[in-house]
Amino acid sequence: MSDTYDILVIGAGPGGYVTAIRAAQLGFKTAVVDREHLGGICLNWGCIPTKALLRSAEIYHYMQHASDYGLSAKEVSFDAAAIVKRSRGVSGRLNGGVGMLLKKNKVDVIWGEATVESVAKGNEPGKVTVKETKRAEAPKGAKGAGSYSAKHIILATGARPRAIPGIEPDKKQIWTYYEAMVPEAMPKSLLVMGSGAIGIEFASFYRTMGAEVTVVELLPQILPVEDAEIAGMARKRFEKQGIKILTGAKVTKVEKGANAVTATIEGSDGKSQQISAEKLISAVGVVGNIENLGLEKLGVKTDRGTIVTDGLGRTNVPGLYAIGDVAGPPMLAHKAEHEGVICVETIKGLHTHPMDKGKIPGCTYCHPQIASVGLTEAKAKEQGFQVKVGRFPFAGNGKAIALGEPDGLIKTIFDAKTGQLLGAHMIGAEVTELIQGYVVAMTLESTEEELMHTVFPHPTLSEMMHESVLDAYGKVIHT
Amino acid sequence: MPINVLMPALSPTMEKGNLAKWLKKEGDAIKSGDVLAEIETDKATMEVEAIDEGVLAKIVVPEGTADVPVNDLIAIIAGEGEDVSAAAAGGGAAPKAEAKPAAEAPKSDAGQNTTPGDGHMSYARVNEAPDAAKPAAGGGQAAAPASSGGRVFASPLARRIAKQEGVDLAAVQGSGPHGRIIARDVQEAKASGATKAAPAPAHQAAETPKAAAPAPKAAPAGGAPAGLSLDQVRGFYQKDAYEEVPLDGMRKTIAKRLTEAMQVAPHFYLTVDCELDALMKLRETLNGSAGKDRDGKPLFKLSVNDFVIKAMGLALTRVPAANAVWAEDRILRFKHAEVGVAVAIDGGLFTPVIRRADEKTLSAISNEMKDFAARARAKKLKPEEYQGGVTSVSNLGMFGIKHFTAVINPPQSSILAVGAGEKRVVVKDGQPTVAQVMTCTLSCDHRVLDGALGAELVSAFKGLIENPMGMLV
């Protein structure tokens, strides 16, 4: 039998590998198991490669509009294969980087499919069986299948695309993000089912690359978790770009033809219509990977496909922990990383607090970008807050005009009574890089006063954050 | 302007108290520092002291009134040159409204340590002097460490909510990074009502131990005040020679409280040998006479330790000066004996407290202890069951330990370390003879017990153990 690990992490996605590295830093003998790729979906099939694709789309867009900037670019075109190759290259490079980081921190990598046989009891460590996998080749230096033991076992198995019965992805005509990430050629037309971050990013990418795109959303609003005002502005921009958007609409049937799929879509008015497209992307959310881990036998509590934890990563079974997507929403890489660190620091006995899920920012990298943190205006009112709302448009910001990006809005929501920063919502160029200012302010429990007293550099887009705060209190300068 | 005297909070958790006695009559001239009244809670009796001058215009709450809510108007003082009868008539009209300007006044940094309503609250002797702006008054000496320590670290939002809700930040324990007070701490403090009034740390010692040990904010994560650092300790050993065990809450509490006890309470030790033969005989007789319950099990089975608990309880009431604990600037003396009993459990210990051990019968003590011990091992004790106590009994006799000394468990003032009862040769009437002897060592807090007083307590205890019939009557 091999040595006993202090901590064994199942899943090497952004949650799992960060957890393992932090555990090793804390002096734990640590291993991480994965069956497919270091860095998980995020790094290989999610966050990172889509950003690479969207960057290509963005530059393509600028080249098409070169004359706006006094430049000329003729016969602008693209090579789909080269775009995909670049995206895969970015993933590959980071994937290798994760391997290096794990090695540097002396974290053992174990390759295969893990099942938890038992958890630690008294002096007896928990047992994990790892079976060989054919999914992907093991990275160099990884340990193979076998039986491993560990005092603490952390599940970080992530999530996978949800499939709607009757519209199951077939990898050819009905895609998930996997296939959408590596198109052999740009489809001429595309139907996107679901208007969350994943659906909208692909819609934005493929539209920029010239496809006829239709987005179908079940709820009355696209980007359903975002503030209604921001989502409304996004919709107008998308429609101006030529994306067709159907909200309150449901795909009831999909028929596959030789060169196209035909979807029957039922609107909120009960009327049906049929739309044909070369490809359909199913982006209707993700579900936790809780199967084949041995959870039923151990009596681990789950809820709607995710593992129930106490906020510090502990499941109802002592010695077994869960973090990231598999531990419930919001299913975001940065939430997983943070949860993993809290989990191992708790095991170490450090002073930890459950993460405040109300302070997790969300970013969507479509064009224009969208970013937010905290409560939407509607949610804040629903929770009984008297709100003060500040707005500042990109059109009033010097830097935004200079960039040629005069469309966008930064919206700030305060509790009128205490000055608590309840939420911030943004749409426009580079807002995904601006949101952290609000996140820091929120985490430090700043009120409007500290934000007003903060000096923002000029000329930057960040000045809009300042102005938006000032606007909430009737002190805005540039509108 | 007439000055309202409000019911003070003598501890952070106090919600009401009894107005035991007025020491001034209506019409009496009041000088700063005069004791106006005595307030009683279930834990202690405290004096209410004046810091302003004037004439006691009206007593609103007569003496002997029980359960007066904190912050209720109890009397009105007419200021110098004011019409006493007018003050009496009108002074109490709007105590709450008046509290506001008083709270707004201190704009200085020190203001954050005070509470809205301080203008009134400062009548309690137990309060710190509310702010430098007031003329220094006699009542200021009991300034709280937490309040006098200067800057309070709190988030902007926490500060604002505290100001709006009248929560005293100095009394709030921060749970943020480096003990910073965050909004949630203030909301929780407000919900628990703990900090509505200025805290009276001088009297926290009279509260349960939990409240008595307001964790020094600077204490490192491990809970134990600075010793060798982790890296220093690691440096002494080979890296593979040890395993690192994280501290659980109990270990942190033990480390913190007992380190504090050794550093704060000056310990001295009194050792005595007690002969057990008579006690063993009595125990056998009593156990033999125990009635049976329905299942045929005896109704009680007394252990030697049950006798020790009872003897300590009785001894404390026989030496009342020793039945007391230290409380910063005074001593709290108890009517009945509260005897804690150390129960070792996996990874630590609990000391559930037998209340009124002086009054309870041996069988009652015995059965209560069995229940405590079982629930202590299951970690099912309620805080109120292991907080308080004047002394404790720690018995390592079952391990064959002959003699040891124990660390006092704050806020208690003594602890009895009980060794094994064993046959020893003793000299009686000039002749060697064999007797069963148990060595006991009392650790005493010298702030409360002097040598002679401690010896008196030990001697009373020994007398009861050696003549155990005395415990039955």
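The model is predicted, so to speak of a local feature we need pLDDT of at least 70, and side-chain atom pairs count only at pLDDT 80 or more, while totals for chains, interfaces and linings use all residues. Residues are numbered from 1 along each chain as its sequence is written, and chains are lettered from A and ligands numbered from 1 in the order in which they are written.

View 1. Helices here are DSSP runs of H or I with at least four residues, strands are runs of E with at least two, and both are numbered from the N terminus. H3(A) spans residues 47-64 and H6(A) spans residues 197-208; the two pack at about 35 degrees, with their axes 9 Å apart. The axes are lines fitted to C-alpha atoms, for helices over the stretch in contact, and angles run from 0 to 180 degrees between N-to-C directions. From H3(A) come A:Thr50, A:Leu53, A:Leu54, A:Ala57, A:Tyr60 and A:His61, which meet A:Glu201, A:Phe205 and A:Thr208 of H6(A). Contact is a matter of C-beta atoms, placed from the backbone, lying within 7 Å. Sorted by class, this contact has five nonpolar, three polar and one charged residues. The nonpolar class is Ala, Val, Leu, Ile, Met, Phe, Trp, Tyr, Cys and Pro, the charged class is Asp, Glu, Lys and Arg, and the others, Gly among them, are polar.

View 2. Is A:Asp325 buried or exposed? A:Asp325 is buried, because 31 other C-beta atoms lie within 10 Å. The cut-offs are 20 or more other C-beta atoms within 10 Å for buried, 12 or fewer for exposed, and partly exposed in between, with C-beta atoms placed from the backbone. A:Asp325 sits in the loop between strand E19 (320-322) and helix H9 (333-348) of chain A. Leaving aside residues up to four places away in sequence, A:Asp325 touches A:Gly158, A:Ala159, A:Val286, A:Gly288, A:Met331 and A:Ala336. A:Ala333 belongs to helix H9 of chain A and is buried too, with 22 other C-beta atoms within 10 Å. With the same exclusion along the sequence, A:Ala333 touches A:Pro14, A:Cys42 and A:Cys47.

**View 3. Strand E9 of chain A beside strand E10 of chain A.** E9(A), residues 189-193, is mostly covered, as four of its five residues are buried. Its pairing with E10(A), residues 212-216, is parallel and runs over five bridges; strands count as paired if DSSP finds at least two bridges between them. Across this pair, A:Leu190 stands opposite A:Val213.

**View 4. A six-stranded open sheet in chain B.** The strand order is E9-E18-E17-E16-E12-E15, and the pairing is mixed. Why do E9(B) and E15(B) each have one side without a neighbour in the sheet? E9 (267-275) and E15 (353-354) stand at the edges with a single partner strand each, so one side of each is left without a neighbour. E9(B) pairs with E18(B), residues 431-445, in the antiparallel sense over nine bridges, and here B:Leu270 is opposite B:Leu442. Helix H11 of chain B (residues 304-318) lies across E12 (339-341), E15, E16 (391-395) and E17 (414-428), at about 155 degrees to E16(B).

**View 5. A four-stranded open sheet in chain B.** The order E1-E8-E6-E3 goes with antiparallel pairing. Its edge strands, E1 (3-6) and E3 (29-30), each pair on one side only. E3(B) joins E6(B), residues 54-59, over two antiparallel bridges, with B:Ile30 opposite B:Gly54.

**View 6. The place where chain A touches chain B.** Here 14 residues of chain A are in contact with 13 residues of chain B. The chain A side has two nonpolar, eight polar and four charged residues.

Methods
Contact = placed C-beta atoms within 7 Å.
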